[in-house]
Amino acid sequence: ATRNPYDLTRSAGGSSGGAAAALAARMICLADGSDLGGSLRNPASFCNVAGLRPSPGRVPRWPFSEVADVFGVEGPMARTVADVALLLMVLSGPDPRVPLALDARPARVEPGQIPGLLARDLKGVRIAWSDDLGLPVEPAVRAVLAPARQVLAGLGAEVVDAAPDLSGADEVFRTWRAFRFVTNFGPLLREHPGQLGPNVTWNIERGLELTVADLSRATVLHAALAERVSAFFADVEVLACPVTQVVPFDVTLDWVHGIDGRPQRTYLDWMASAYLISATGLPAISVPAGFTPDGLPVGLQLVGRRRADWPLLGIAHAFEGATGHAGTVPPLLRSCT
């Protein structure tokens with residue numbers, strides 16, 4: 001169990017919870033990780049740091065098990081958006097071994113020039129706002145995120161209530177996640193039955209149940225989702241929404257079994273606000289947005305247009321500078337100084 005530096009009784013999130021906790025505890029300055037269903041964004045939200053899920057191909061992923069995989073990506077995490085951008089410059093760029101690697105090279109600037117590179121005037125930028133994406137969200141999360149809308153508007157952005165039609169995204173993500181699990185971990189289940197955890201076993205078994213018809217349907221749904229999302233982002237530059245539907249929970253809990261009175265059927269359900277965005281293929285970042293009355297961090301998820309990672313970082317940087325939440329040190333460290 002990885003404990004949250006802001007409250008040692010709470011989870012640091014996952015799967016990159018160790019990275020987020022180490023960043024928050026000032027043990028490290030930069031971290032990298034992977035994000036399939038929110039593994040860079042969820043722990044960033046829980047630990048008051050920034051975590052970017054880049055566009056597929058932005059960070060070349062090698063070795064790979066699937067040539068055309070757009071669900072699992074590699075990306076940076078840090079205490080500030082500028083440091084996230086610094087690490088993204090190092091990680092991104094073309095790689096002749098990776099078929100989907102994006103060719104655009106990162107800007108060549110000195111580290112001290114990065115804040116200037118990210119500087120953006122948000123006047124007139126259209127931002128869609130959704131405080132739930134149609135999902136159950138804890139009231140505590142809604143309460144922390146509510147002022148974020150005013151912050152964005154105060155920066156000059158035109159904030160409108162809107163959300164893309166994400167119908168089919170849940171089935172798309174779950175189908176391809178199960179397919180990935182049976183591809184990557186199926187042999188382990190065959191060779192070592194009973195030695196894998198119940199959640200991994202469940203996902204592998206779902207993969208074994210898939211039919212060609214299931215994969216075909218998920219492919220069609222995915223294509224339709226991409227078309228609707230592209231049309232939505234033709235009118236807005238960014239979507240602002242929750243990273244997670246819950247605040248950091250009890251570290252001894254296996255997963256969240258209910259949200260605001262609504263039962264969660266599987267260990268995936270409570271992370272839908274992150275994994276539905278994964279299914280869109282868009283870049284997304286978790287940036288510190290504030291704290292509950294108990295001092296638990298909550299992040300704001302900003303989702304950008306297709307392959308618009310750098311403009312997205314500029315908006316996140318502006319929000320971070322206007323709020324100052326990223327500078328809040330965990331109580332444990334404050335008591336040590």
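Predicted model: local features only at pLDDT ≥ 70, side-chain atom pairs only at ≥ 80, totals over all residues.
User: What makes Cys-47 count as buried?

Analyst: Buried means a relative accessible area under 20%. Cys-47 has 0%, so Cys-47 falls under that cut-off and is called buried.

User: How do you know how many disulfides the structure holds?

Analyst: The structure holds zero. Take Cys-29: the nearest cysteine sulfur, that of Cys-47, is 16 Å away. Seen from Cys-47, the nearest cysteine sulfur is that of Cys-29, also 16 Å away. A disulfide needs two cysteine sulfur atoms within 2.5 Å.

User: Why is helix α1 called mostly covered?

Analyst: Helix α1 spans residues 17–24, and seven of its eight residues are buried. Those residues are Gly-17, Ala-19, Ala-20, Ala-21, Ala-22, Leu-23 and Ala-24. Each is counted as buried because its relative accessible area is under 20%.

User: What covers the buried residues of α1?

Analyst: The cover includes the strands β1 (3–4), β3 and β5 (73–78), together with the helices α2 (41–47) and α11 (331–334). After α1 comes Arg-26, with a positive phi near 65°.

User: Which residues are closest to the centre of the largest pocket, and what is the volume of that pocket?

Analyst: The largest pocket holds about 750 Å³ of space. It is lined by 34 residues, of which Gly-14, Ser-15, Ser-39, Tyr-267 and Met-271 are closest to the centre. A residue counts as lining if it has an atom within 4 Å of a pocket point.

User: Which element gives the most to that lining?

Analyst: Helix α6 does, with six residues of the lining of the largest pocket. Both α6 (169–191) and β3 (30–35) supply at least two residues there.

User: How many residues of each class are in the lining of the largest pocket?

Analyst: There are 15 nonpolar, 14 polar and five charged residues. Tyr-267 and Met-271 are in this lining and count as nonpolar, because Tyr and Met belong to that class. Gly-14 lines the pocket too, and counts as polar because Gly is placed among the polar residues.

User: What is the volume of the second largest pocket, and what lines it?

Analyst: The second largest pocket has a volume of about 470 Å³. Its lining has 28 residues, with Pro-56, Gly-57, Asp-69, Val-70 and Leu-100 closest to the centre. Two or more residues come from each of α6, α8 (212–232) and α9 (272–280). By class, the lining has 14 nonpolar, eight polar and six charged residues.

Methods
Residues numbered from 1 in each chain as written. Heavy atoms only, no water. 1 Å grid on protein atoms, 1.4 Å probe; cavity = no way out; pocket = protein on both sides within 12 Å on 5 of 7 lines; lining within 4 Å. Points joined across faces, edges and corners; volume = space filled by probe spheres on them. Helix = DSSP H or I, 4+ residues; strand = E, 2+ residues; numbered from the N terminus. Buried < 20%, exposed > 50% of the residue type's maximum accessible area, 1.4 Å probe, protein only. Contact = heavy atoms within 4.5 Å.
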